Amino acid sequence: SGTTGTPKIVYHTHQFIFALVMRNAKMFDGVIGQAFNLSHGSSLATFFLPTLFSREVSEYINFTLDHTSSVIENHKIDHLMLPYPDMIEVLVEEYNTHPHSGITLYSLTYIRDEWKDYTQKGKIKDIISFFGSNETSGPTLINKVSYDDFNRQRYRKIDDFYGLELRNHQSGRYRDWE
């Protein structure tokens, strides 16, 4: 990506991408919603391919945001990736007008404190923020509204897939990642 300067070349083997996709596929089941094309960059192995490879996924709904109301009305989506905060807020406002409940929302941004209210009302099952990069091609850390000690700045390792090692122990605020 050239969004943060000169693009860098990153090489991954097919074996790595396959292993990453199969690892991430375990997170998804039921009906998957994709609100627009997220099949590039780190989203490819974070959400798109894992949802296609998951044996537990039963249906895949791809739609544009201007059709959100009809999609929510006609499909009970279990998992939906919305990368930006404003998209989540628009979706939640629309979702609250329909009888469905239990959706898990995924974002590529931090979770706003007020979003915890969405899950406490019971309509939204969880909101999960992926932290990764194009270099890693997938989530290295996550944050969830459902954590008992939720803090919008506290991300945790999913597993040992990446073999993350914290080297700067000078600040205690990062100890939650270990």
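The legends below describe close-up views of a predicted model.

**View 1. A salt bridge between Arg-23 and Asp-159.** The structure holds 7 salt bridges, and this view shows one of them, formed by the side chains of Arg-23 and Asp-159. The N to O distance in this pair is 3.0 Å. The two residues come from distant parts of the chain, 136 residues apart. Arg-23 belongs to helix α1, which covers residues 14–25. Asp-159 lies in the segment after β7, the strand of residues 156–157. Arg-23 has a relative accessibility of 9%, so this residue counts as buried. Asp-159, with a relative accessibility of 31%, counts as partly exposed.

**View 2. A salt-bridge network of Asp-149, Arg-154 and Arg-156.** Asp-149 forms a salt bridge with Arg-154, in which the closest N and O atoms are 3.3 Å apart. The side chain of Asp-149 also meets that of Arg-156 in a salt bridge, with an N to O distance of 2.4 Å. Through shared partners, these salt bridges join Asp-149, Arg-154 and Arg-156 into one network. The relative accessible area of Asp-149 is 39%, and Asp-149 is therefore partly exposed. Arg-156 has a relative accessibility of 18% and counts as buried, because the cut-off for a buried residue is under 20%.

**View 3. Strand β6 and its pairing with β7.** Strand β6 runs over residues 138–144. This strand is mostly covered, with 6 of its 7 residues buried. Strands β6 and β7 pair in the antiparallel sense, and 2 bridges connect them. Within this view, Leu-141 stands opposite Lys-157 of β7.

**View 4. Ser-58 in strand β2.** Strand β2 spans residues 57–62, and Ser-58 has its place there. Ser-58 is exposed, its relative accessible area being 60%; the cut-off for an exposed residue is over 50%. When neighbours within four places in sequence are left aside, Ser-58 is in contact with Gly-30 and Val-31. Ile-32 is 26 residues away from Ser-58 along the chain, and the C-alpha atoms of Ser-58 and Ile-32 are separated by 8.1 Å.

**View 5. The largest cavity and its lining.** The model has 1 cavity of 30 Å³ or more. The space in the largest cavity is about 70 Å³. Residues that line the largest cavity include Phe-63, Thr-68, Val-71, Ile-72 and His-75. Also among the lining residues are Lys-76, Ile-77, Leu-80 and Leu-91, together with Tyr-95, His-100 and Ile-103. At least two residues of the lining come from each of the helices α3 (68–74) and α4 (85–95). Helix α3 gives the most to this lining, with 3 residues. By residue type, the lining of the largest cavity divides into 8 nonpolar, 3 polar and 1 charged.

Methods. Residues are numbered from 1 along each chain as its sequence is written. This is a predicted model: local features need pLDDT of at least 70, side-chain atom pairs count only at pLDDT 80 or more; totals for chains, interfaces and linings use all residues. Side-chain values use heavy atoms; hydrogens and water are left out. A salt bridge is a side-chain nitrogen of Lys or Arg within 4 Å of a carboxyl oxygen of Asp or Glu. Helices (H or I, at least four residues) and strands (E, at least two) are DSSP runs, numbered from the N terminus. Buried means under 20% relative accessible area, exposed over 50%, partly exposed in between (1.4 Å probe, protein chains only). Contact means heavy atoms within 4.5 Å. Two strands pair if DSSP finds at least two bridges between them. On a 1 Å grid over the protein atoms alone, a cavity is a set of points where a 1.4 Å probe fits but cannot get out, and a pocket is an open set with protein on both sides within 12 Å along at least five of seven lines; lining residues have an atom within 4 Å of a point. Grid points are joined across faces, edges and corners, and a volume is the space filled by probe spheres set on the points. Ala, Val, Leu, Ile, Met, Phe, Trp, Tyr, Cys and Pro count as nonpolar, Asp, Glu, Lys and Arg as charged, and the others, Gly among them, as polar.
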